[in-house]
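Please examine the structure shown here before reading on.

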Amino acid sequence: MTQTEHVLNQVIDYLQEHQYDSYSVKQLSVALGYDDSKSFNNLVKAIAKAEQAGQIVLNREGKFRIKRDDATLVGTFRANDRGFGFVDYDPAEDDIYISKEQTASAMEGDQVEVVITHKPEPWNSKGPEGKITKIIARKTNRIVGEFFPYDAPRREETGYLGYVVPQDNKIKQMLLYVQPTGLHPVEGSIVVSEVVEYPNSDNPVAMTGIVTQEIGHKNAPGVDILSILYKLGIPTEFPEDAIQQAEAIPFEIPEDEYTNRRDLRDQVTITIDGADAKDLDDAISMSILANGNYQLSVHIADVSYFVTEHSAIDREAFERGTSVYLTDRVVPMLPQKLSNGVCSLLPHEDRLAMSCVMEIDYKGDVVKYDIFPSIINSNQRFTYTAVNAILEDRDRETRDVFIEYVNLLEDMGGLHKILEKKRKVRGSIDFDTTESKIIVDEAGHPLDIKVVERGVGERLIESFMLAANETVAAHFTRRKLPAIYRIHEQPDPVKMLRFMEFVTTFGMVVTGSNESIKPKQLQNILQKTADEPYHAVVASVLLRSMKQAKYDTNPIGHYGLATKDYTHFTSPIRRYPDLIVHRLLRMYLTDKQTAEQRDKWEQKLSDISVQSSVTERRSVDAERETDSLKKTEFMVDKVGQQFEGVISSVTKFGIFVELPNTIEGLVHISNMKQDYFNYLESHMVLLGERTGMIFRIGQKVRIEVTKADVDSREIDFALVEDDELTVYNQEIQTPSRKKNGKSKPRSNQDRGMKGHRKKRKDNGGSREKTSNKQGGEKKKRSKKKR
């Protein structure tokens with residue numbers, strides 16, 4: 001047996017053992033231990049031979065997997081509100097569409113076996129279709145919903161107390177019948193039920209279970225949001241051992257820490273946050289050196305000192321993964337004594353920190369840096385509003401109040417511009433989509449929805465935090481140390497091709513390949529549309545065309561930020577990966593690395609990366625669902641009122657219109673009486689057959705609110721004619737359907753209500769600006785995300 005054949009067998013065995021995963025050549029070389037140049041060449045030859053023989057296949061991401069019998073696959077079922085779903089079996093392959101009739105009563109997150117019934121048709125933009133043949137493992141083991149009791153005769157007849165209607169729209173068609181062995185709730189209670197029997201072929205929409213917890217009555221204040229947290233499995237209370245550990249932590253800093261750390265209390269240090277923020281996890285100092293360079297110090301709360309590995313607080317923080325910021329509350333990752341007290345960098349208090357001190361030249365390059373444990377004392381807490389007033393508005397009254405800090409802030413503003421320019425030059429994509437803040441009363445009812453503007457204060461902090469995150473990531477990669485990174489992969493070629501086709505409707509042509517498009521090219525598109533009425537929509541469509549940023553141990557870089565090194569270091573109070581990065585920094589600074597430690601952390605960090613990405617997604621879902629709930633509730637008393645809005649999306653089943661306050665509603669195609677409209681997918685427009693009327697993204701329209709259903713979170717609009725309204729329009733020539741030289745009148749009502757209600761498939765994208773989708777570092781006024 002030749003060396004190449006030996007290596008080939010190892011490759012086949014490894015990929016067969018991990019048949020549902022895909023690996024790059026580099027990943028295979030690490031996994032099989034082929035690091036030197038000679039063995040790596042043998043590996044490449046073996047992989048090429050295996051591919052030629054049809055034993056392995058190369059996916060569209062350039063990764064290899066074993067060739068499987070694609071008729072039967074195992075994956076995760078992702079349910080849709082309308083009953084159908086998709087099976088996700090390989091991140092590098094198209095999901096398998098499962099029709100409503102072929103789901104076999106699978107529920108969201110179930111591990112299933114699926115058989116391919118129709119192969120993909122890439123030329124028609126159609127993915128594979130299949131049917132579920134077996135449910136391997138159930139993901140959902142509890143249901144949150146409203147309880148409806150039976151009367152005595154019905155209880156006697158059925159043996160059940162009543163039934164629960166799930167709040168999750170993805171299983172809204174199912175009922176859970178309540179056995180009498182658990183709690184006995186009253187009518188209208190929102191309850192948590194444990195599933196005893198799942199749906200099956202005999203009872204495809206029925207479950208049985210017991211009530212284990214009553215959240216509260218559906219009309220009680222705060223229960224609506226609390227039920228969302230329970231439904232998504234987000235803990236709302238800390239376990240007793242974590243509370244006791246937190247209470248045992250003293251507010252005073254131990255004396256030995258003053259000698260073990262670098263004392264930076266003599267530096268002028270400030271914090272800049274939203275006015276309502278309490279978990280202040282970052283502070284900044286800056287000076288200009290004799291050589292003209294800037295010395296920027298980013299001080300981050302040293303949470304890892306207090307939250308040690310395997311402790312009760314650490315276990316709970318791992319499970320939570322992140323703090324969750326909702327309209328009327330914050331669900332913290334850490335007990336409040338830490339998040340708002342001991343760890344928070346409050347002004348005029350000695351605090352333990354991990355400092356990243358960077359020397360930055362006039363081009364924005366970090367020419368020298370140092371990372372170390374420190375003690376700081378913040379001199380002044382600033383709000384974004386105050387900094388914006390000083391630097392943007394140049395408000396005399398505010399400048400007078402903070403006169404001793406004005407020069408410092410001016411210098412910081414100068415460095416921010418340098419760093420921002422550097423990111424722009426390298427191609428970093430800044431979506432800067434519109435955000436809103438929902439104002440609620442004490443009972444949680446929405447009073448107003450305000451658009452939040454990002455000023456220089458927010459952008460300044462973003463620039464400084466990005467610089468620190470990149471510096472810490474480079475520190476790890478240069479030393480080849482096990483670490484956790486924030487990565488953002490190259491966009492999916494299929495989705496990017498659709499985006500490139502979409503922007504042609506606005507007269508823009510994107511050169512190059514959709515498979516290797518550079519961030520700079522996408523940045524240029526956003527710059528070209530910056531002053532156009534459709535800019536926000538182009539940015540939104542581009543954002544949905546991106547992949548989801550995530551945590552990983554492989555430092556492949558960050559596409560959206562156009563940087564090869566990136567991690568999350570700056571928010572350990574509210575993000576578990578940042579806490580781990582601090583823990584690793586502390587360990588690498590004090591301990592000598594051993595092979596045993598490296599093996600331990602490589603495996604552990606892989607698990608933490610997966611868990612952190614999952615909990616981040618869960619947090620985004622909670623925030624999005626809460627916003628949807630409160631926005632719908634806000635519109636209930638607006639039914640019948642008219643507003644001006646902009647078409648934010650065009651689909652075959654209608655148009656979505658976004659109002660200036662970011663509320664979005666659907667004008668269903670069956671209610672568009674002006675003409676019979678055809679959907680031109682390549683241009684994302686609806687075109688009237690007889691009139692030639694066009695509805696496109698970015699177009700201004702007037703609407704009337706016709707429905708606001710809080711239970712379903714659905715808002716419906718109807719179009720209202722407005723001759724004075726300026727409409728962005730562009731002629732599209734397309735043949736009309738004719739018969740005997742005349743158009744055949746048709747009605748959108750012919751389509752009934754079969755059109756999909758919602759939603760555009762967002763690729764799971766979160767609007768984290770630069771971004772949750774991208775994993776950027778923007779600080780919202782409410783301290784939600786960076």
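This is a predicted model: local features need pLDDT of at least 70, side-chain atom pairs count only at pLDDT 80 or more; totals for chains, interfaces and linings use all residues.

Residues are numbered from 1 along each chain as its sequence is written, and side-chain values use heavy atoms, with hydrogens and water left out.

Two packed helices are described by the angle between their axes and the distance between the axes. Helices (DSSP runs of H or I, at least four residues) and strands (runs of E, at least two) are numbered from the N terminus. Axes are lines fitted to C-alpha atoms, for helices over the stretch in contact, and angles run from 0 to 180 degrees between N-to-C directions. Angles under 35 degrees count as roughly parallel, over 145 as roughly antiparallel, 65 to 115 as roughly perpendicular and the rest as oblique.

Helix 19 (residues 595-635) has its axis within 10 Å of that of helix 18 (residues 576-590), and the two cross at roughly 165°. Helix 18 and helix 19 are therefore roughly antiparallel. Their crossing is left-handed, meaning that the near helix is turned anticlockwise from the far one by less than a right angle; clockwise would be right-handed. Helix 18 makes the contact (heavy atoms within 4.5 Å) through Tyr576, Pro577, Ile580, Arg583, Leu584 and Met587, and helix 19 through Gln597, Trp601, Leu605, Ile608 and Ser612. The residues of this contact comprise eight nonpolar, two polar and one charged. Here Ala, Val, Leu, Ile, Met, Phe, Trp, Tyr, Cys and Pro count as nonpolar, Asp, Glu, Lys and Arg as charged, and the others, Gly among them, as polar.

Helix 9 (residues 312-320) packs against helix 19 at an angle of about 60°, with the axes 8 Å apart; the pair is therefore oblique. Phe318, Glu319 and Arg320 of helix 9 meet Ile608, Gln611, Thr615 and Arg618 of helix 19. This contact has two nonpolar, two polar and three charged residues.

The axes of helix 5 and helix 19 come within 10 Å, crossing at roughly 150°, which makes helix 5 roughly antiparallel to helix 19. Helix 5 passes helix 19 in a right-handed crossing. The residues of helix 5 that take part are Asp224, Ile225, Ile228, Lys231 and Leu232, and among their partners in helix 19 are Arg618, Asp621 and Ala622. By class, the contact has five nonpolar, one polar and seven charged residues.

Helix 5 (223-232) and helix 19 also line the second largest pocket, where they and strand 9 (162-166) each supply at least two residues. On a 1 Å grid over the protein atoms alone, a pocket is an open set of points with protein on both sides within 12 Å along at least five of seven lines, a cavity is a set where a 1.4 Å probe fits but cannot get out, and lining residues have an atom within 4 Å of a point. The volume of this pocket is about 560 Å³, the space filled by probe spheres set on points joined across faces, edges and corners. Its lining has 23 residues, of which Gln167, Lys218, Asp224, Val710 and Asp711 lie nearest its centre.

A search of the whole structure finds four cavities of 30 Å³ or more. The second largest cavity holds about 60 Å³, and strand 19 (residues 350-360) provides the largest share of its lining, three residues.
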